[in-house]
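Have the viewer open and the sequence beside it as you read. We'll walk from one spot to the next, with the cut-offs spelled out along the way.

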Amino acid sequence: MENYSIETVCQLNDKSIADQWGALSFPIYQSATFAHRGLGESTGFDYTRMQNPTRQQLEYVVASLEHGTDAMAFASGMAAVAAVMELFRPDDHFIVDSDLYGGSIRLFNEISKKNGLTFTTGDLSSGDYRFLFQNNTKAVYLETPTNPMMNVTDIAELAVEAHKRDALLIVDNTFLSPYFQNPLDLGADIVIHSGTKFLGGHHDTIGGFVVVKDKELDERLRYIYKTTGAGLSPFDSWLILRGIRTLSVRLDRAQENAFKIAEYLKTNKYVTKVIYPGLPEHPGYKISTKQARGYGAMLSFEVESKELVEHILRSLELIYFAESLGGTETLITYPITQTHADVPKDLLAKNGITDRLLRLSVGIENADDLIADLEQAFASFS
Ligand code: PLP
């Protein structure tokens with residue numbers, strides 16, 4: 001497996017669980033339970049909450065893509081984050097990046113705090129985080145690039161600091177996907193994905209992943225997994241498996257489009273800021289170039305007024321105004337009322353998430369058509 005390049009890993013079948021008839025599309029094992037041949041003679045599959053062949057095939061591919069030893073497929077990205085939080089106990093302290101997907105911030109503030117965990121928030125991309133550690137710090141949690149401000153943190157450097165203090169490093173790798181970045185190789189202990197996004201890739205299903213490479217951590221997470229029961233269904237597992245087959249080609253095209261759109265937005269007189277890690281002027285450009293194989297297809301930009309935001313969202317014809325990201329179609333999102341609606345106001349302001357900020361998840365359409373759509377929306381503003 002390690003000898004294959006990533007484009008090939010996207011097509012892998014685990015021979016040990018492969019279908020006996022040689023089907024290239026892995027079958028959907030739509031069964032809640034599995035018969036035993038005799039006492040103590042399990043086929044390896046007992047009950048779908050615990051294991052399912054279709055889901056196991058998907059987990060094998062995702063673990064391979066992330067260079068982990070195991071991956072667990074969940075019913076959503078948030079179910080994956082919530083399961084990871086079950087590793088911790090009351091009074092455990094977390095350092096979390098200040099700019100994160102709003103749903104993760106909501107989970108930490110409204111659920112994890114209630115369960116006795118404590119949190120310190122900081123801008124980890126600044127590199128100035130050593131003072132945030134406490135004696136009871138058990139984990140550091142981040143996204144890189146972050147949602148939606150695209151801040152980039154040096155994963156390897158942070159892993160060293162976390163491990164010096166016996167804290168785990170947890171990285172949500174949704175924005176770059178394993179095609180562009182492998183946090184486990186850089187020292188992270190746990191990788192999380194919203195599989196809804198680039199892995200699924202078609203805006204047609206919800207899923208999530210936790211990937212690890214440590215045996216003990218894996219056993220603890222597998223226990224949480226079977227006990228809390230948020231595993232991905234066989235059909236959704238199959239959809240994400242199918243999505244992964246084209247991960248590399250989708251992301252190559254989407255990234256190429258993102259570069260073109262970022263360059264176009266830079267020339268637009270109504271745009272006051274373009275935030276894309278692939279631009280050399282982005283503060284995280286150097287770190288991105290060092291730790292990732294690409295810059296992704298997510299970018300944010302700020303326009304001169306809230307009125308213009310409203311106008312753009314009403315006027316776009318090709319680009320969808322919708323929450324989510326990572327699919328074949330380009331989406332525009334207004335973080336302040338959508339993905340980050342529940343983030344406390346002071347944190348929004350601190351992170352620079354204003355009412356003039358828009359986020360684009362660039363798809364695989366023709367870049368000229370996408371730019372023409374943006375252009376017509378700006379041009380009709382008076
Ligand atoms: N992590 C990131 C970076 C996200 O953007 C999202 C959702 O947008 C999630 C996690 C949560 O994933 P899901 O919506 O699949 O629960």
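**A walk through the model**

Start at Pro-148, which sits in the loop between β4 and α5. A word on those labels: helices (H or I, at least four residues) and strands (E, at least two) are DSSP runs, numbered from the N terminus. Before going further, keep in mind that this is a predicted model, where local features need pLDDT of at least 70, side-chain atom pairs count only at pLDDT 80 or more, and totals for chains, interfaces and linings use all residues. Residues are numbered from 1 along each chain as its sequence is written, and side-chain values use heavy atoms, with hydrogens and water left out.

Back to the loop. The peptide bond that leads from Asn-147 into Pro-148 is cis, with omega near 5°. Pro-145 belongs to the loop between β4 (137-143) and α5 (155-164), and a cis peptide bond with omega of about -5° links Thr-144 to Pro-145. As background for these backbone angles, most residues other than glycine have a negative phi, and most peptide bonds are trans.

Asn-147 also takes us to the ligand: a polar atom of the Asn-147 side chain lies 3.2 Å from a ligand oxygen. The protein covers 91% of the 390 Å² of accessible area that the ligand has on its own. Those areas come from the Shrake-Rupley method with a 1.4 Å probe; for residues, only the protein chains shown count as cover.

Who else is around? There are 13 residues around the ligand, and Met-78, Asp-172, Ser-194, Thr-196 and Lys-197 come nearest; being near takes a heavy atom within 4 Å. By type, the shell splits into three nonpolar, seven polar and three charged residues. In that scheme Ala, Val, Leu, Ile, Met, Phe, Trp, Tyr, Cys and Pro are nonpolar, Asp, Glu, Lys and Arg are charged, and the others, Gly among them, are polar.

Now for some loops elsewhere. Thr-205 is in the one between β6 (190-194) and β7 (208-212). The side chains of Thr-205 and Asp-236 make a polar contact of 2.5 Å. Such a contact is a pair of N or O atoms within 3.5 Å; within protein, one must be able to donate a hydrogen and the other to accept it, and residues adjacent in sequence count only if both atoms are side-chain atoms. Thr-205 counts as buried because its relative accessibility is 7%. The scale is simple: buried is under 20% relative accessible area, exposed is over 50%, and partly exposed is in between (1.4 Å probe, protein chains only).

Asp-91, in the loop between α3 (77-85) and β2 (93-97), has a phi near 80°, a positive value in a residue other than glycine. Ser-324, in the loop between β10 (320-321) and β11 (331-333), has a positive phi too, near 100°. Are these residues buried or exposed? Asp-91 is at 55% relative accessibility, so it counts as exposed. Ser-324 has a relative accessible area of 17%, so it is buried.

Ile-353, in the loop between α12 (345-351) and β12 (357-361), is 17 residues from Ile-336 in sequence and 6.7 Å from it in space. Ile-353 has a relative accessible area of 3%, so it is buried. Phe-301 lies in strand β9 (residues 298-303) and counts as buried because its relative accessibility is 0%. Its C-alpha is 7.5 Å from that of Thr-272, 29 residues away along the chain. Glu-375 is part of helix α13 (residues 367-379), and its C-alpha is separated by 9.7 Å from that of Ile-312, 63 residues away along the chain. With 38% relative accessibility, Glu-375 counts as partly exposed.
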